[in-house]
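Let's take a walk through this protein together. Have a look at the model first, and then we'll go through it piece by piece.

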Amino acid sequence: LLKTGLSLCFPLPCAQYQRPKAMGGHSRFFHPNFFTRYIWGSYATIHLAGFIADQSYGVDRTKNPDILWPWWHEIMRKKEKGEIPMNMPGYMLVKYRNEAEEKWTEQRQEEFADYAGVMDEE
């Protein structure tokens with residue numbers, strides 16, 4: 001009975017006959033802190049490195065539509081002044097169009113024929 005590590009209280013093994021545990025309390029590769037330590041740690045390190053790189057090189061991450069879309073604001077000012085009708089679609093004023101926009105432009109060309117070259121002026 002003592003050689004098996006069991007005492008008279010059958011279901012529980014005696015403390016003095018238990019196998020010694022590995023140092024640290026576990027011997028698994030995926031230990032209890034593996035995900036927190038390595039996965040989240042790697043994720044945080046990558047984002048922190050990106051943030052530090054942006055800061056050190058002065059990358060501006062603000063979204064300012066006045067800087068990014070000046071040509072669209074020019075179209076809107078012309079619509080407000082009345083140089084372009086308010087119901088004229090924006091795709092008819094842009095320089096490059098896809099096939100669908102070309103088709104729609106051809107269909108509505110006679111409606112907005114007077115304003116077709118408004119953006120080319122200046």
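**A bend to start with**

Helix H1 has a kink of about 30°, centred on Gly-41. The bend at a residue here is the angle between two fitted axes, one for the seven residues ending there and one for the seven starting there. Before going on, know that this is a predicted model, where local features need pLDDT of at least 70 and side-chain atom pairs count only at pLDDT 80 or more, while totals for chains, interfaces and linings use all residues. Residues are numbered from 1 along each chain as its sequence is written, and side-chain values use heavy atoms, with hydrogens and water left out.

Now step back to the whole protein. You'll find four helices and zero strands, so the run from the N terminus on reads α-α-α-α. Helices (H or I, at least four residues) and strands (E, at least two) are DSSP runs, numbered from the N terminus.

How much of the protein is buried? Of its 122 residues, 17% are, where buried means under 20% relative accessible area, exposed over 50%, and partly exposed in between (1.4 Å probe, protein chains only). The protein exposes about 10,700 Å², and carbon and sulfur atoms supply 60% of that. These areas come from the Shrake-Rupley method with a 1.4 Å probe, and for residues only the protein chains shown count as cover.

Back to H1, which covers residues 34-57. Just after H1, Gly-58 takes a positive phi of about 75°.

Trp-40 sits in H1 and counts as partly exposed because its relative accessibility is 47%. Together with Phe-35, Tyr-38, Ile-39 and Tyr-43, Trp-40 makes a nonpolar surface patch of about 560 Å².

What about charges? Side chains of opposite charge can pair when their charged atoms come close. A salt bridge is a side-chain nitrogen of Lys or Arg within 4 Å of a carboxyl oxygen of Asp or Glu, and the count comes to two. In one, Arg-61 pairs with Asp-54, their closest N and O atoms being 3.2 Å apart; Arg-61 is exposed, at 56%. In the other, Glu-80 pairs with Arg-77 at 3.0 Å between the closest N and O atoms. Glu-80 and Arg-77 are three residues apart in helix H3 (residues 70-81), so about one helical turn separates them. Glu-80 is exposed at 56% relative accessibility, whereas Arg-77 is partly exposed at 37%.

Terms used:
The expected span of a helix is 1.5 Å times one less than its number of residues. Patches are made of residues with over 30% relative accessible area and no salt bridge: like charges are joined within 9 Å, nonpolar side chains (Val, Leu, Ile, Met, Phe, Trp, Tyr) within 5 Å.
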